[in-house]
Amino acid sequence: MSRFLDQKLHELESYIPGEQPKGRRIVKLNTNENPFPPSPSVIDAITAEEVGKLRLYPDPAADDLSQSIASFYGLEKDQILTGNGSDEILALCFHGFCPDGVAYSDLTYGFYPVYAKMFGVKERVVPLREDFTLAVEDYMELGETAMIVNPNAPTGLAVTKKEIESLVKSNRDRLVIVDEAYVDFGGESSIPLVKEYDNILVIQTFSKSRQLAGMRLAFAAGDAQLIADLAKMKFSFNPYSVNRLALIAGKAAIEDTEYFEKTTREIVETREWMKKELERLGCIVLPSKTNFLFVRPPFAAGTVYKRLKDHDVLVRYFPGERTGKWLRISVGTREDGRKMLDALEMIWKEESHA
Ligand SMILES: *Cc1c(COP(=O)(O)O)cnc(C)c1O
């Protein structure tokens with residue numbers, strides 16, 4: 001630490017992203033990326049001509065893309081704001097929409113506590129039930145902004161739109177932010193509620209279900225005034241955060257509904273197959289509505305994580321009281337899944353002889 005860092009950031013511990021190994025042929029099931037390439041229409045859209053236009057700034061209002069997203073969800077363009085990944089939009093929310101603090105669950109996106117610290121937002125941690133389900137009752141008549149990941153990570157469990165509506169209704173003077181990074185894999189989106197209530201903001205990303213994690217693109221859907229507030233913050237910070245290629249790639253991706261449906265369906269099928277196979281190997285597996293599984297292996301999870309790594313299979317392990325017995329395993333291709341399961345079988349043999 002230099003002597004120049006502001007005192008208020010001395011205690012800040014930054015978010016630790018999942019590893020991105022270089023070079024090696026690894027079965028990478030640790031960061032919930034999509035195993036498929038982007039839609040062919042995305043690849044076609046990024047022409048030499050568009051690359052040539054990179055000398056020009058992008059449209060800071062992202063009009064075309066916002067219109068495509070709005071049409072897809074049956075909203076108006078002024079109900080959509082795009083950003084450089086959900087991470088950027090979430091940062092703006094912590095900065096500007098949490099004047100009395102923020103409430104979120106004890107097991108959720110690991111970035112939230114980091115944002116809270118970074119932006120000096122008071123946090124209230126609401127424990128999930130013993131079985132990892134989220135009790136919406138715990139979020140009724142809040143004294144702060146609610147931040148709900150639905151379906152949740154790392155558990156994969158979801159609440160219904162009706163449950164989200166009940167807490168939106170019971171908190172008319174509080175904002176409810178729903179992070180729907182994984183909703184396309186079987187969750188129920190709360191985007192339709194945006195038309196009825198001005199105190200809900202839904203955030204979705206192109207990183208997981210639309211194969212564009214490397215492009216950095218996400219959007220928020222909400223009441224036009226909320227969106228205008230977000231735009232004000234964005235234009236006071238980084239108006240050009242969505243680059244030209246992201247604008248055209250995002251538009252092509254959202255318009256290719258066929259590819260989107262085909263790839264999400266395949267991931268859901270692979271997920272259900274992986275779940276059965278893991279259960280056959282003696283694991284406890286939570287029912288997932290996402291592109292990952294939360295898995296309790298019959299041996300120490302930390303050891304299994306390390307042993308899988310020795311077999312060139314990378315999954316995510318979160319040490320700690322509630323998560324330390326579990327692994328989060330992304331759903332890749334069926335071939336990835338097969339390799340992971342074969343490695344587990346070998347590890348089981350070794351562990352039961354140890
Ligand atoms: C992956 C993820 C995000 C971040 O997505 P980006 O759009 O890539 O920044 C946001 N929230 C949750 C819960 C996630 O898992």
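Glu50 counts as buried, at 18% relative accessibility; buried means under 20% relative accessible area, exposed over 50% and partly exposed in between, with a 1.4 Å probe and protein chains only. Its partner Lys53 is partly exposed at 27%, and the two form a salt bridge with the closest N and O atoms 3.4 Å apart. A salt bridge here is a side-chain nitrogen of Lys or Arg within 4 Å of a carboxyl oxygen of Asp or Glu.

This is a predicted model, where local features need pLDDT of at least 70 and side-chain atom pairs count only at pLDDT 80 or more, while totals for chains, interfaces and linings use all residues. Residues are numbered from 1 along each chain as its sequence is written, and side-chain values use heavy atoms, leaving out hydrogens and water.

The structure holds 18 salt bridges, including these:

| Pair | N to O distance | Relative accessibility |
|---|---|---|
| Lys8 and Asp6 | 3.0 Å | Lys8 56%, Asp6 38% |
| Glu272 and Arg271 | 2.8 Å | Glu272 32%, Arg271 5% |

Arg307, Asp310 and Glu350 are linked in a network of salt bridges.

Now to the sheet. Its 7 strands form an open sheet with mixed pairing, in the order S2-S8-S7-S6-S5-S3-S4. Strands are DSSP runs (E, at least two residues), numbered from the N terminus, and two of them pair if DSSP finds at least two bridges between them. Which strands join through 4 bridges, running antiparallel? They are S2 and S8 (residues 218–222), and Ile80 stands opposite Ala221 in S8.
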